[in-house]
Amino acid sequence: MTSTRRKKVLKKLLGSVGKNGSIDVPFHSDYGSHIEIGDNVILGMNCTFVDCNKITIGNNVLIASNVQIYTSTHPTNKNKRLNEN
């Protein structure tokens, strides 16, 4: 895939992409639209972003391969987790 084509795909997939943003494949996300990355960001291959909520990556960030970022949550009260009253 050409650099121009890859940039177009990233802009469609993600909420916003700064200058010189790069994501190595494979990359996994739930929605993609909740992810914002700044300028000069590189995500290594095989990263997983569970973006049920907003994920914001600032400028000049390098994220290594196999990193997982999760914004989903579950109730912290054990009774609510177990559906007990």
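**Close-ups of the strands and an aromatic pair**

**View 1. H28 meets T48 across two strands.** In this predicted model, T48 of strand 6 is the bridge partner of H28. The strands around that contact are strand 3 (residues 27-29) and strand 6, which run parallel and are joined by three bridges.

**View 2. Strand 6 also pairs with strand 9.** Here we slide over to strand 9 (residues 68-70), which pairs with strand 6 in the parallel sense, again over three bridges. Look for V50, which stands opposite Y70 in strand 9.

**View 3. Side chains of strand 6 point two ways.** Strand 6 covers residues 47-50, with C47 and F49 pointing one way and T48 and V50 the other. Whichever way they point, all are buried.

**View 4. F27 and F49 form an aromatic pair.** The structure holds one aromatic pair. F27 and F49 sit edge-to-face, at 5.4 Å centre to centre with 75° between the planes. Since F27 belongs to strand 3 and F49 to strand 6, the pair ties together parts that are 22 residues apart in sequence. F27 counts as buried at 17% relative accessibility, the cut-off being under 20%. F49 is buried too, with a relative accessible area of 0%.

View 5. The order is 2-5-8, and the pairing is parallel. Strand 2 (22-23) and strand 8 (62-63) stand at the edges with a single partner strand each, so one side of each has no neighbour in the sheet. Zoom in on strand 5 (residues 42-43) and strand 8 and you get two bridges in the parallel sense; the bridge partner of I42 in strand 8 is L62.

Key:
Residues numbered from 1 in each chain as written. Predicted model: local features only at pLDDT ≥ 70, side-chain atom pairs only at ≥ 80, totals over all residues. Heavy atoms only, no water. Buried < 20%, exposed > 50% of the residue type's maximum accessible area, 1.4 Å probe, protein only. Helix = DSSP H or I, 4+ residues; strand = E, 2+ residues; numbered from the N terminus. Pairing = 2+ DSSP bridges. Phe/Tyr/Trp six-rings, centres within 6.5 Å; stacked < 30°, edge-to-face > 60°.
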